[in-house]
Number of protein chains: 2
Amino acid sequence: MKSPEGFRQEALARLRTEIPGAAIIAASGGIDSTVAALLTQEAIGERSHALFVDTGLLRAGEVERVSAFFEVSELSFTVIDASDRFFAALKGVVDPEEKRRRIGATFIRLFEEHAQRWQTDRLVQGTIAPDWIESGGALRDTIKTHHNVGGIPADSDLKLVEPLRDLYKDEVRELARHLGVPDADRQPFPGPGLAVRVHGAVTPERVARARAANAVVEAEVDRAIAEGTLKRPWQYFAVLLPVRTVGVMGDNRVHGEAVSIRVVDSIDAMTASAVSLPPEVLRRIAERITRELRGDVTRVLYDVTDKPPATIEWE
Amino acid sequence: MKSPEGFRQEALARLRTEIPGAAIIAASGGIDSTVAALLTQEAIGERSHALFVDTGLLRAGEVERVSAFFEVSELSFTVIDASDRFFAALKGVVDPEEKRRRIGATFIRLFEEHAQRWQTDRLVQGTIAPDWIESGGALRDTIKTHHNVGGIPADSDLKLVEPLRDLYKDEVRELARHLGVPDADRQPFPGPGLAVRVHGAVTPERVARARAANAVVEAEVDRAIAEGTLKRPWQYFAVLLPVRTVGVMGDNRVHGEAVSIRVVDSIDAMTASAVSLPPEVLRRIAERITRELRGDVTRVLYDVTDKPPATIEWE
């Protein structure tokens with residue numbers, strides 16, 4: 001990207017060519033898709049329809065937060081409540097790739113229905129370079145099937161429009177600032193949501209645990225940042241693990257699950273390093289999670305692995 | 001315990017009463033059973049037979065280290081190689097209580113065979129107070145089925161002798177020093193060995209991974225102690241978790257398992273607190289484990305939970 005303004009002008013011209021009529025936009029609330037949505041809205045005006053899907057796999061307060069974020073960004077959008085459909089699609093699935101496939105397919109069916117409603121076949125996504133580079137090609141093995149890449153099945157008429165596909169994360173952030181998007185340092189959140197942070201079976205109950213644990217991690221890391229004891233990390237979240245481990249509650253033995261905390265620094269998500277959290281922050285996170293999820297979660301682990309050899313997400 | 005010497009005299013008298021003929025001793029190499037064995041040897045001399053069982057679930061170099069330890073402690077002992085029997089007994093078992101039952105039963109059968117050989121029915125064990133208090137009674141729920149408590153099935157003729165059953169850990173350590181046992185601060189190691197540190201299926205391959213990861217944790221913590229950056233913790237070890245997590249190896253995606261590191265301080269094992277390891281020690285442990293178990297283990301987690309709400313061991 002030479003300059004944000006130069007990129008913007010080229011992107012607007014390309015979008016006007018690639019979208020002859022209307023377009024729907026997959027808007028996750030993340031920085032990438034928000035920037036893609038704003039460029040599309042600027043390019044084709046009222047013919048653009050940004051859709052925010054409530055999958056039931058979102059973080060605590062996410063719908064409200066994303067809605068507010070879109071409003072300050074002056075993006076027109078619609079919220080679609082589809083949690084029942086997603087939980088139904090995920091029932092009994094533990095394989096992470098299968099989870100992504102089911103979630104991707106459910107997204108596509110939803111988008112098809114809404115594309116039909118707006119009489120278009122164009123779907124705008126916020127795909128950026130690391131997404132498709134990691135999703136494989138001739139030269140690379142597949143690192144991860146990103147839900148927003150290649151998720152269009154052969155029998156679908158949807159055509160993808162990806163205005164940011166040549167950009168890296170830091171370039172998207174620069175562009176976001178240029179477009180006046182507030183708080184461009186917002187926590188990234190994966191397309192498949194808490195489903196990839198709930199290792200094993202994805203049930204409403206287990207998602208609720210992952211959501212509560214994640215809220216504690218975000219709150220305590222944000223508090224440490226506010227208190228000046230921690231520089232804002234690239235990403236921080238909780239993962240629920242399907243391992244039963246013994247714990248003590250009063251004089252009783254209980255079998256709870258374990259939660260793993262992931263806090264990493266990175267420049268472009270291609271590599272990442274585990275952040276050394278201050279001990280008192282870790283202690284408070286462990287204490288709060290085991291207290292607020294009393295009996296359900298009895299063990300809190302801190303992920304100390306860099307990428308490579310691990311990845312940022314678990315699945 | 002009033003004084004170590006007072007306790008010793010009383011214990012010797014009791015042992016001579018409780019053991020009319022010969023006795024076999026379950027000697028794990030831990031401080032408790034070593035002290036129990038030494039008292040028994042002192043009480044009944046050549047009629048005592050300390051047995052050290054190589055279960056195939058021991059730490060790296062354990063047989064050599066325990067043998068050397070017994071030799072300096074002037075304890076007569078026999079090593080029994082029974083790893084095939086233990087792996088056969090554990091085949092297909094993932095439930096931790098069932099693992100302990102199978103291991104306990106295999107121990108008992110072995111001890112019965114050896115008791116028969118020495119024409120006795122007396123089995124000396126190093127049970128201490130927290131073992132049986134946590135194993136339950138009228139007033140307490142069962143926290144953990146310790147393999148060395150209540151493991152005698154109804155159809156067995158073995159009679160337990162437990163000279164240390166009223167002592168706490170710090171008292172046993174004091175007694176050990178009094179008896180001239182070297183390095184009384186030796187790492188405690190559970191009776192069921194690496195089986196309870198291999199969450200999920202216990203196969204020779206997975207035990208080998210847990211053993212290698214554990215050796216790294218012990219070596220790096222010992223190095224930090226030697227370098228003066230860490231006070232010797234109460235206990236430190238690795239646990240292999242049956243969760244497949246994605247990792248990166250060159251340009252390829254790999255699915256490895258995760259290892260959890262446990263380092264705790266405690267006075268009596270009834271409560272414990274997670275130790276804040278220096279970040280560079282954690283980093284070196286993570287780097288070494290993922291390198292030495294390349295592809296098999298892709299993620300290293302640090303357990304930050306106190307007891308309660310967690311326990312020291314996972315199972």
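This is a predicted model: local features need pLDDT of at least 70, side-chain atom pairs count only at pLDDT 80 or more; totals for chains, interfaces and linings use all residues.
Let's start with the rings. A pair of aromatic rings is described by the distance of the centres and the angle of the planes. Over all chains, the structure holds 10 aromatic pairs. I'll show you two of them.

Pair one is in chain A. Look at Phe52(A) and Phe70(A). Their ring centres are 6.2 Å apart. Their planes meet at 85°. Planes over 60 degrees apart count as edge-to-face, so Phe52(A) and Phe70(A) form an edge-to-face pair.

Where do these two residues sit in the chain? Phe52(A) is in strand E2, residues 48-54 of chain A. Phe70(A) is in helix H3, residues 62-72 of chain A.

Now, buried or exposed? Take Phe52(A). Its relative accessibility is 2%. Buried means under 20%, so Phe52(A) counts as buried. Phe70(A) has 0% relative accessibility, so Phe70(A) is buried as well.

Ring pairs link Phe52(A), Phe69(A), Phe70(A) and Phe77(A) into a cluster.

Next, chain B. Here the partners are Phe86(B) and Phe107(B), with ring centres 5.1 Å apart. Their planes are at 65°, so this pair is edge-to-face. Phe86(B) belongs to helix H4, residues 83-90 of chain B. Phe107(B) belongs to helix H5, residues 96-117 of chain B. The pair links distant parts of the chain, 21 residues apart. Phe86(B) is at 1% relative accessibility, so it counts as buried. Phe107(B) is at 9%, so Phe107(B) counts as buried too.

On to charges over rings. In chain A, find Arg197(A). It lies over the face of Phe237(A), 3.7 Å from the ring centre. Then turn to chain B. There the charged end of Arg197(B) sits over the ring of Phe237(B), 3.7 Å from its centre.

Last topic: how the chains relate. Two copies of a chain are related by a rotation about an axis and a shift along it. What rotation superposes chain A on chain B? A rotation of 180°, with 0.0 Å of shift along its axis. The RMSD is 0.1 Å. That is the relation of a two-fold axis.

Which C-alpha of chain A is nearest the axis? That of Tyr302(A), 2.4 Å from it.

Note on methods: Residues are numbered from 1 along each chain as its sequence is written. Chains are lettered from A and ligands numbered from 1 in the order in which they are written. Side-chain values use heavy atoms; hydrogens and water are left out. Rings of Phe, Tyr and Trp (its six-membered ring) pair if their centres lie within 6.5 Å; planes under 30 degrees apart count as stacked, over 60 as edge-to-face and the rest as tilted. Helices (H or I, at least four residues) and strands (E, at least two) are DSSP runs, numbered from the N terminus. Buried means under 20% relative accessible area, exposed over 50%, partly exposed in between (1.4 Å probe, protein chains only). A charge sits over a ring if NZ of Lys or CZ of Arg is within 6 Å of the ring centre and within 35 degrees of the ring normal. Copies are superposed by least squares on the C-alpha atoms of residues with pLDDT of at least 70 in both.
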